[in-house]
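Here is a short briefing on helix packing. Look at the structure first, then read the points below.

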Amino acid sequence: MFLMDLLIRRCQKGVPRELGAVAKAEKIEPAALAREIASGRIVVPHNPARKHKACAIGEGCTVKINVNIGTSGSRCDPALEMKKATAALDNGADALMDLSTGGDLVAIRKKILKLDTTVGTVPVYEAVRRAGNAGDVTADLLFKVIREHCNQGVDFLTLHCGVNLQALDALKADPRLMGVVSRGGSFHCAMMMQREEENPLFAEYDYLLEILAEYDVTISLGDGMRPGCLQDAGKLAKSVEYNTLGLLARRAQEAGVQRMIEGPGHMPLDQVGYNVKMIKEITDHAPLYLLGPLVTDIAPGYDHVVGAIGGAAACLNGADFLCMVSPSEHLALPDVADIIEGTRVAKIAAHIGDTVRRPEGWRMDREVKMAEARHELDWNGQFRHALYGEHARKIHERDGATETCSMCGDLCAVKMVNELFGTQGKKKGSKKNVKNKS
C-alpha cells in the first residue's frame, strides 16, 4: 500500500491540487474541503486510473444523484444501456452505477467507464455470474473481481460488509415479511448459509481495505439488510447492520480509505428523519447514500415520486446522495423514458434538499430569479431558470402563445395585481412602489 498517495492522507497534510475544480463547483474553500475529506465527512470518489469530472458528496455539498443502469439476464442490450447512461447524464445525474448481470460484463463496464462521470459497481453480481450461483462464490473469487473492478477504473464499490452472521441471526430471531430484498444482501446470506462461513468481506475486512487503498477507491458500505416494505421497517436486522457499518466506517477512515454508507430502504415517512440521523451518528457523519427511501408500498409505476418524497425528507435530515428510483421500480428493467423521468424527479428532490442544507438555502439566486420572472410574466426567464425549462416551455405553448398561462387567461392574478399596484416591470424589493401607489 502507498498510503501517502491516498486522498485522505494528502488532505491531512494540505490541499491536493485536484480539489480546485470540485471546491469551485461546491462554492467551498479548497482548504475547508480538504479538512472535511480528511475528517471523513465528505468523499470525492475518483479512481486515479481514470480521468473524469469528479464530484464531492457529503456535508456542505449539494445533494448528488446517482442513476443505476445495467443489463439483466432477461434483457441484455448494451447499446440500450449506453443510451440510458447518456440520458441520465443529460438530465442531471452526478454518477452512474453499472449493475449489469447479463452479457459481457467486462466489456459493458469498459464502455461505461469511458463516460465523463463518477462510476460505481457491485462486484458480487459479477462474482455470482462467474461462480454460477451465490453459494459457490469463494472469498478468492470475490476479492479477485473486486480487484479487477478497481484496476479497470471504477470509482466506488458497493460492498455488503455488514451482512454478517450476526445480522443473519437477527433476521432469524426477528423474521421479516419481505426477508432480504437487497440482491447483494441475499447473495451474501446464501454464501454464509450454504458454506456455513462468515461473509468474507467482513471476516477479511482489513484485506479488503488494503485492496481499496492500493487503488484509492471509495467503499460504499451496502445496506444489505434494508427493509423491503413498511411492515419490516422496525425489525431487528436493519439496526444490527447499522451498528456494524458504524464500526466498519471507522476502520476504513483510519486506513485512509474514503467511505460512504448506504440505507435505509422502505419505511414510513415519520421514521425517515430518525433513521438518517441515527445512521449519521453511528458512522461519525459519513456521507449517506440512499435509494428512496420508499415511504409507501402501494404506488408501483409511481415509485419514482414515492422515492423523491422520501429522499427530500432524508436530505432535510442529513442525507447526501440520492439514488434515482425509476417509474419501473419493482416492475421491469427501466427503458430510456424511465431513466429520464426518474432522473428528473430525483434531481428535483435533491434540489429541494439543497434549499434546506445550503448556506443560502431557499434564498439561492435561481429561486429568487424564478420568482422575479413569474412576477414579470417573463416566460423565457421562467424557462431559463427552471430545472427542465424545455419541458415547461412545451407545456406552456401547447395552447398557443399567451401572455399568461391558459388556465387563468384574462383572470390572471399576477397580471391583475401588477396592474393594480403598478408593479409590472418592478423587481423584488418594490414595497416602496406599492406604498406610493396605495
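**Helix contacts at a glance**

Leu269, Val272 and Val276 of α13 meet Ile309, Gly310, Ala313 and Ala314 of α14. By class, this contact of α13 with α14 holds six nonpolar residues, one polar and no charged. The model is a predicted one.

**The α13/α14 pair**
- Helix α13 spans residues 269-282 and helix α14 spans residues 303-316.
- Their axes come within 9 Å and cross at roughly 40°.
- With angles of 65 to 115 degrees counted as roughly perpendicular and those under 35 as roughly parallel, α13 and α14 are therefore oblique to each other.
- The crossing of α13 and α14 is right-handed.

**The α2/α3 pair**
- Helix α2 covers residues 19-26, and helix α3 covers residues 30-39.
- The axes of α2 and α3 come within 9 Å and cross at roughly 100°.
- The two helices, α2 and α3, are therefore roughly perpendicular to each other.
- From α2, Leu19, Val22 and Ala23 meet Pro30, Leu33, Ala34 and Ile37 of α3.
- The contact of α2 with α3 has seven nonpolar residues, with no polar and no charged ones.

**Helix α9 and its surroundings**
- Helix α9 runs over residues 183-195, 13 residues in total.
- From first C-alpha to last, α9 reaches 18 Å, close to the 18 Å expected at 1.5 Å a residue.
- Buried residues in α9 are Gly184, Gly185, Phe187, His188, Cys189, Ala190, Met191 and Met192.
- The buried residues of α9 pack against α6 (123-131), α7 (139-152), α8 (165-173) and α10 (200-203).

Conventions
Residues are numbered from 1 along each chain as its sequence is written. This is a predicted model: local features need pLDDT of at least 70, side-chain atom pairs count only at pLDDT 80 or more; totals for chains, interfaces and linings use all residues. Side-chain values use heavy atoms; hydrogens and water are left out. Helices (H or I, at least four residues) and strands (E, at least two) are DSSP runs, numbered from the N terminus. The expected span of a helix is 1.5 Å times one less than its number of residues. Buried means under 20% relative accessible area, exposed over 50%, partly exposed in between (1.4 Å probe, protein chains only). Contact means heavy atoms within 4.5 Å. Axes are lines fitted to C-alpha atoms, for helices over the stretch in contact, and angles run from 0 to 180 degrees between N-to-C directions. Angles under 35 degrees count as roughly parallel, over 145 as roughly antiparallel, 65 to 115 as roughly perpendicular and the rest as oblique. Ala, Val, Leu, Ile, Met, Phe, Trp, Tyr, Cys and Pro count as nonpolar, Asp, Glu, Lys and Arg as charged, and the others, Gly among them, as polar. A crossing is left-handed if the near helix is turned anticlockwise from the far one by less than a right angle, and right-handed if clockwise.
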